[in-house]
Amino acid sequence: MEAANAKRLQNQVAIVTGASSGIGQGIAIRLGQHGANVVVNYHSDDEGAQATKDQIEAAGGKALVIKADVSKEEEVEAMFQTALDTFGTLDILVNNAGIQKDAALVDMTLDQWNKVIGTNLTGPFLCARAASKIFLKQGIRKEVSRAAGKIIFISSVHDIIPWAGHVNYATSKGGVAMMMKTMAQELAPQGIRVNSISPGAIKTDINKEDWSSREGEEKMLSQIPYGRIGEPDDIARVAAWLASDEADYVAGATIYVDGGMTLFPSFAE
Ligand SMILES: NC(=O)c1ccc[n+]([C@@H]2O[C@H](COP(=O)([O-])OP(=O)(O)OC[C@H]3O[C@@H](n4cnc5c(N)ncnc54)[C@H](O)[C@@H]3O)[C@@H](O)[C@H]2O)c1
């Protein structure tokens, strides 16, 4: 099965934001393995972005590293233009970049609020807008896909589960959930599929403090019915599927890739 689908994104072009580490890195590598030309967007980690590029190229794919802060309009516009100038087309956007700046409500500064909303909510808006303009102009490239474009948001289980001490983050992801649905409704008639993946606990830098101690790991595991903490590739495999024609009738969906975490809080003993 895997062999038959091995190159299911052949000759497509993808932009993955925040692809220098964690989930974004995993997705960029997977899309590359499936034959996509991948724009590896990153913010500050030059080495991480280069490592992503190296792994895509080692698998026989093409990658272009572009530094851009997704919360800055000019940088986003320039990134999409460079991607287009380099690869000529665009087929897939993965809105993955995200940050946490945790604080109790009473201690949360406006800067902590603005940074998280800027990266997690405004960033995906700016990128989706830029991608959609290209998709609409380009139309359906029948030789590579049945859709005119695919947008995938990396949201979070906290788009439906409140998270005390993280009001900026949970609000941003709640906003992403509605942004995805509204864009999906607006763009589906034009052949553009918009969907979300909402990860549960995945081992990356963003939550390293939580899973790196035995106590923290056990606490996390107690919230995951499937009994293991996720890895970036758990999300990447679903993203590759969503981006492909295998998922051609999937529009406006949120897929919780969380080992059953959203089944909690469980009242079952
Ligand atoms: N790890 C988890 O358990 C988990 C759970 C749910 C959702 N998520 C979401 O997954 C996404 C990826 O997070 P991760 O877990 O891989 O963490 P991570 O910290 O490894 O990755 C985040 C990436 O976003 C990049 N980034 C940050 N600000 C940016 C900006 N302004 N412009 C461009 N890039 C920027 C970072 O450089 C980094 O590469 C985030 O949206 C996060 O909210 C993660």
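Predicted model: local features only at pLDDT ≥ 70, side-chain atom pairs only at ≥ 80, totals over all residues.

Mentor: Happy to! Ser196 has a relative accessible area of 1%, and because anything under 20% counts as buried, Ser196 is a buried residue. Leaving aside residues up to four places away in sequence, the contacts of Ser196 are Phe153, Ser155, Met180, Leu242, Ala253, Thr254 and Ile255.

Now to the ligand. Around the ligand there are 28 residues, and those that come nearest are Ile23, Asn96, Tyr169, Ile202 and Thr204. By type, the shell holds 11 nonpolar, 14 polar and 3 charged residues.

In Ser21, a side-chain N or O atom is 2.8 Å from an oxygen atom of the ligand. Gly200 brings in its backbone instead: a polar atom there is 3.2 Å from a ligand oxygen. Ile202, already named among the nearest residues, also has a backbone N or O atom 2.8 Å from an oxygen atom of the ligand. As for cover, the ligand taken alone exposes 820 Å², and the protein buries 93% of that area. Two elements each give two or more residues to this shell: helix H1, spanning 22–33, and helix H5, spanning 167–187.

Key
Residues numbered from 1 in each chain as written. Heavy atoms only, no water. Near = heavy atom within 4 Å. Polar contact = N/O pair within 3.5 Å; in protein donor to acceptor, adjacent residues only side chain to side chain. Areas by Shrake-Rupley, 256 points an atom, 1.4 Å probe, with all protein chains shown as cover. Helix = DSSP H or I, 4+ residues; strand = E, 2+ residues; numbered from the N terminus. Nonpolar A, V, L, I, M, F, W, Y, C, P; charged D, E, K, R; others polar. Buried < 20%, exposed > 50% of the residue type's maximum accessible area, 1.4 Å probe, protein only. Contact = heavy atoms within 4.5 Å.
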